[in-house]
Amino acid sequence: RNKQKAATIIQAAFRMHRVYHQYKAMRLAAIIVQTHYRAHLQMESDRKTYMKVHSSVVLIQAAYRGMVVRKQLWCMHKSDKVIQTYYQMHKQRKYFKKLRWSAITVQQTYR
């Protein structure tokens, strides 16, 4: 009876040992799958966050670039107006001098 009990205990221990190694392998495989799945979920979350930030940055950059171009355009229009004003003044002064010279010439002729 003791031999049979000892044999049963040994068989149970061996079976437990064999199943325990299978259990450890399955548990390790499950941990690896879970780790990869969690990394995938984290990657998707990080990508969504990155895309939100990226689109916000692009929007801000576009607004800033537009503002800079509008400011440059405003400066160019301002400079253009100054140049046009000086050109008109030059034309009027030239015309005035021509009229003045004509008037002086006519007056000198009749005096």
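The legends below describe an overall view and two close-up views of a predicted model.

**View 1. The overall fold consists of one helix and zero strands**. Helices (H or I, at least four residues) and strands (E, at least two) are taken as DSSP runs, numbered from the N terminus. Along the principal axes, the C-alpha atoms fill a box of roughly 160 × 10 × 10 Å, and the radius of gyration is 47 Å, whereas a compact globule of 111 residues would have a value near 13 Å; this radius is taken over C-alpha atoms, and the globule rule is 2.2 Å times the number of residues to the power 0.38. Buried residues make up 0% of the 111 residues, where buried means under 20% relative accessible area, exposed over 50%, and partly exposed in between (1.4 Å probe, protein chains only).

**View 2. The rings of Y20 and Y23 form a tilted pair**. A search of the whole structure finds one aromatic pair. The ring centres of Y20 and Y23 lie 6.3 Å apart with their planes at 35 degrees, so the pair counts as tilted (centres within 6.5 Å; planes under 30 degrees apart are stacked, over 60 edge-to-face, and the rest tilted). Both residues belong to helix α1, where Y20 and Y23 are three residues apart, about one turn of the helix. Y20 is partly exposed because its relative accessibility is 43%, and Y23 is likewise partly exposed, with a relative accessible area of 49%.

**View 3. Y86 lies in helix α1, which spans residues 2-110**. Y86 counts as exposed because its relative accessibility is 54%.

Residues are numbered from 1 along each chain as its sequence is written, and side-chain values use heavy atoms, leaving out hydrogens and water. In this predicted model, local features need pLDDT of at least 70 and side-chain atom pairs count only at pLDDT 80 or more, while totals for chains, interfaces and linings use all residues.

Definitions and conventions
Rings of Phe, Tyr and Trp (its six-membered ring) pair if their centres lie within 6.5 Å; planes under 30 degrees apart count as stacked, over 60 as edge-to-face and the rest as tilted.
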